[in-house]
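This report covers surface patches, a sheet and salt bridges. The sequence and model come first.

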Amino acid sequence: MSRIAYVNGQYEHHLTAAVHIEDRGYQFSDGVYEVIAIHRGKLIDMAGHMTRLTRSLDELEIAWPVSPRALDVIIREVIRRNRIRDGIVYMQITRGVAPRNHAFPPHHNSALVVTAKRFPPFDFDAANKGVGVITTPEIRWQRRDIKTVSLLGNCLAKEQAIRAGCYEAWFVEDDGNITEGTSSNAWIVSADGDLVTRDASNAILNGITRLSIMKVAREHGIEFTERAFSVDEAKMAREAFVSSTTSFVKPVLTIDGDPVGDGTVGPLSAKLLAFFGEHMKAQSA
Ligand code: PDD
C-alpha cells in the first residue's frame, strides 16, 4: 500500500507529493509544525498539540491555511488513508508561496502539508531502555518556544550526538544551564531526589509530553520543580530522562559518557514511563 500525503487541498502519493520551489518554508524556514502520536488508532494529547500550533501560528502571524476544524478532519483522513493504528502524524504550515522577499507577502497564502507514518505499537520494555546524551553549546535562536521548522541548530547537534554513539544532545547555555534536547525536553532527578525540568520560557519548546508528565506526576502525588539546572547538577543527578512525542519518557544513563546515578534505569523514570503509558492507554480506551 503506498503512503498518502495531504498537500494544499489534495491527497497525493507520498513519493511524488511536492510543494513549490518558492514556498517560504523552503526558502526561509518560515513555518511551523506539530508531531502527534497515534496510539491504537487514537491521537494522543490532540488538544494540547492544537493549542500549541495555534500559539506558534499567532506568534509568527501565519494565517490558518484551513480552519482548525477542517485541519482535524484532514489529519484523521490522512491517518485513515494510510491505515495507521500506531505511529505519528506530522503537519506543517508555512507562510506559503511568494516571490522571494524577506518581508511578509501582502496576502495570506499559507500552505499545509500533512503526512503520517507507521511505528511499532508502544512497547513498555522497548521504551524503558536507557540511552546516552552528549552536551553541546546552545547555538539556536531566542524563540525556542515556537515550534518552527527552523531546526538547523537542532539537526547539527543531533548529528553530533549520533556520531558520538548517543541518542540525544542537550543544549547548554553560556551560564552552564541546560535548555533542552534537539527534539526532546530534559529532566533530572537531582542528587536530593527532586524531579526537575527547565521552566517554560522562550528558552525551550514547551513539550506536550512534558506537560502530560507533569499532569500524571500531579495525579500520583509526585512533586516536581520547574527550574534551570546545570550540566554539573545533571552529572551529579540520581536519574535523568528525556521526553517527547516519539520518545515518551526515555531514561538517560550517561551524560558525555559519565554514568548518571548507578548507570541503570532509575525508579522514578520507570514509574513516569509506566504512568505515561497509562495516560496514552486512557485516551485510546
Ligand atoms: N520534537 N523540544 C524540542 C526542540 C522538540 O523538537 C520537541 C519535539 C520537544 C518535545 O515536545 P513534545 O513533547 O511536544 O513532542 C522538545 C518532535 C517530536 C520532532 O521534532 O519530531
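L152 lies in helix α5 (residues 152–163); helices are DSSP runs of H or I with at least four residues, strands are runs of E with at least two, and both are numbered from the N terminus. L152 is exposed, with a relative accessible area of 62%. Exposed means over 50%, buried under 20%, and partly exposed in between (1.4 Å probe, protein chains only).

## Basis of the model

This is a predicted model: local features need pLDDT of at least 70, side-chain atom pairs count only at pLDDT 80 or more, and totals for chains, interfaces and linings use all residues. Residues are numbered from 1 along each chain as its sequence is written, and side-chain values use heavy atoms, without hydrogens and water.

## The sheet

Six strands form an open sheet in the order β2-β1-β6-β5-β3-β4, with antiparallel pairing. β2 (10–13) and β4 stand at the edges with a single partner strand each, so one side of each lacks a neighbour in the sheet. Pairing requires at least two DSSP bridges between two strands.

Strand β5 (residues 87–94) has 6 of its 8 residues buried, so the rest of the structure largely encloses it. β5 pairs with β3 (residues 31–39) over 8 antiparallel bridges. Here I38 is bridged to G87, and E34 to M91. β5 also pairs with β6 (residues 111–118) over 8 antiparallel bridges. On that side, G87 has R118 as its bridge partner.

## Salt bridges

The structure holds 21 salt bridges, each a side-chain nitrogen of Lys or Arg within 4 Å of a carboxyl oxygen of Asp or Glu. R24 pairs with D30, with closest N and O atoms 2.8 Å apart. R24 and D30 are both buried.

E173 and R198 form another salt bridge, at 3.0 Å between the closest N and O atoms. E173 lies in the loop between β8 (168–172) and β9 (178–181), and R198 in the loop between β11 (195–197) and α6 (208–219), so the pair ties together parts 25 residues apart in sequence. E173 and R198 belong to a salt-bridge network that also links E138, R140, R144 and E180.
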